[in-house]
Amino acid sequence: KKFNIPKVEMTKNKITAVLGPTNTGKTFLAIETMLSFSSGMMGFPLRLLAREVYDKVVKKTDPNKVALITGEEKIIPPNAKYYFCTVESMPIEKDLEFVGIDEIQMCSDHERGHIFTDRLLNLRGEKLTMFMGSNSMKNIIEKLDGDIEYIDKDVVWLKYKNFDLRIEQNKEKTDNELMIGVYRHEDDGEHYEIEQIKIREEQWK
């Protein structure tokens with residue numbers, strides 16, 4: 001007797017590594033990405049950073065969907081969809097679409113590195129996992145089992161249209177032209193995109 005056995009396709013975990021120097025908008029990118037999913041969680045190295053991001057997000061979305069979990073604070077609404085935590089306090093048993101870990105280079109930290117390493121190796125979002133941190137982690141991340149994408153940006157500051165702006169160059173280019181994102185830098189550390197411009201590659205140099 002023949003049996004019809006359904007074909008099961010194995011798909012790799014989608015991993016995005018956002019690597020670069022500090023103050024280049026990595027955390028902001030992760031927050032915006034997480035809020036594009038129906039659920040998510042971010043782990044931070046510092047309690048105050050988790051609290052700061054939580055305070056920003058509750059102003060942008062329904063506070064009843066946002067939770068804060070640190071060693072000292074727990075604000076967990078019954079219908080929470082988004083969790084902001086210290087890395088040690090992340091509820092790893094939850095199945096969420098997005099998972100992000102900030103300052104992933106803390107894997108090398110003498111005291112807390114084992115926690116960051118565990119999250120790097122074992123914690124995944126159902127649809128996307130994002131690691132933010134230093135370029136020094138690239139050689140380690142590329143050894144992970146997953147569909148890995150790198151967002152690696154060069155950043156410079158210059159005067160543009162009489163504003164002090166941060167200019168990001170995504171390293172993708174076509175026909176010898178670069179697509180440049182022009183951002184306005186605010187005192188709160190955030191960056192807001194103003195427009196996209198194209199320049200010749202030699203102009204960037």
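# Close-up views of a predicted model

**View 1. Helix H1 and its buried residues.** In helix H1, which spans residues 26-35, the buried residues are Lys26, Ala30, Ile31, Thr33 and Met34. These five cover an arc of only 165° around the axis, so they sit on the same side of H1. The arc is taken from the directions from the helix axis to the C-beta atoms. Buried means under 20% relative accessible area, exposed means over 50%, and partly exposed lies in between (1.4 Å probe, protein chains only). Helices (H or I, at least four residues) and strands (E, at least two) are DSSP runs, numbered from the N terminus. The buried residues of H1 pack against strands E1 (14-19), E2 (40-44), E5 (82-86), E6 (98-101) and E7 (128-133), and against helix H2 (47-60). Contact here means heavy atoms within 4.5 Å.

Please keep in mind that this is a predicted model, where local features need pLDDT of at least 70, side-chain atom pairs count only at pLDDT 80 or more, and totals for chains, interfaces and linings use all residues. Residues are numbered from 1 along each chain as its sequence is written, and side-chain values use heavy atoms, with hydrogens and water left out.

**View 2. The whole protein, for orientation.** The secondary structure of the protein comes to five helices and 11 strands. Of its 205 residues, 41% count as buried. Among contacts between residues at least 6 apart in sequence, 54% join residues at least 24 apart. The accessible surface of the protein is about 12400 Å², with 49% of that belonging to carbon and sulfur atoms. Accessible areas come from the Shrake-Rupley method with a 1.4 Å probe, and for residues only the protein chains shown count as cover.

View 3. Lys26 is found in helix H1. A salt bridge is a side-chain nitrogen of Lys or Arg within 4 Å of a carboxyl oxygen of Asp or Glu. Leaving out residues up to four places away in sequence, Lys26 touches Val18, Leu19, Gly20, Pro21, Met132 and Gly133.

**View 4. Glu103 and its backbone.** Glu103 is found in the loop between E6 and H3. Glu103 is partly exposed, with a relative accessible area of 26%. Its phi is positive, at about 55°, although Glu103 is not a glycine. For background, most residues other than glycine have a negative phi.

**View 5. The two sides of helix H3.** Helix H3 covers residues 113-122, and Gly113, Ile115, Phe116, Arg119 and Leu120 are buried there. They cover an arc of only 165° around the axis, which puts them on the same side of H3. The face turned away from this buried side carries the exposed residues His114 and Asn122. The buried residues of H3 pack against E6, E7 and helix H4 (138-141).

**View 6. Salt bridges across the chain.** A search of the whole structure finds nine salt bridges. One of them joins Glu149 and Lys14, with the closest N and O atoms 3.9 Å apart. This pair links distant parts of the chain, with Glu149 in strand E8 (residues 147-160) and Lys14 in strand E1, 135 residues apart. Glu149 is partly exposed at 34% relative accessible area, and Lys14 is partly exposed at 31%.

View 7. The side chains of Arg112 and Glu88 meet in a salt bridge (2.7 Å, N to O). Arg112 lies in the loop between E6 and H3 and Glu88 in the loop between E5 and E6, 24 residues apart. Glu88 counts as partly exposed, at 35% relative accessibility. Lys127 forms a salt bridge with Glu97, the closest N and O atoms being 3.6 Å apart. Lys127 is in the loop between H3 and E7 and Glu97 in the loop between E5 and E6, so this pair ties together parts that are 30 residues apart in sequence. Lys127 is partly exposed at 49% relative accessible area, whereas Glu97 is buried at 13%.

**View 8. Two buried cysteines.** Cys85 is buried, with a relative accessible area of 0%. Cys107 is buried too, at 16%. How many disulfides are there? The count comes to zero, taking a disulfide as a pair of cysteine sulfur atoms within 2.5 Å.
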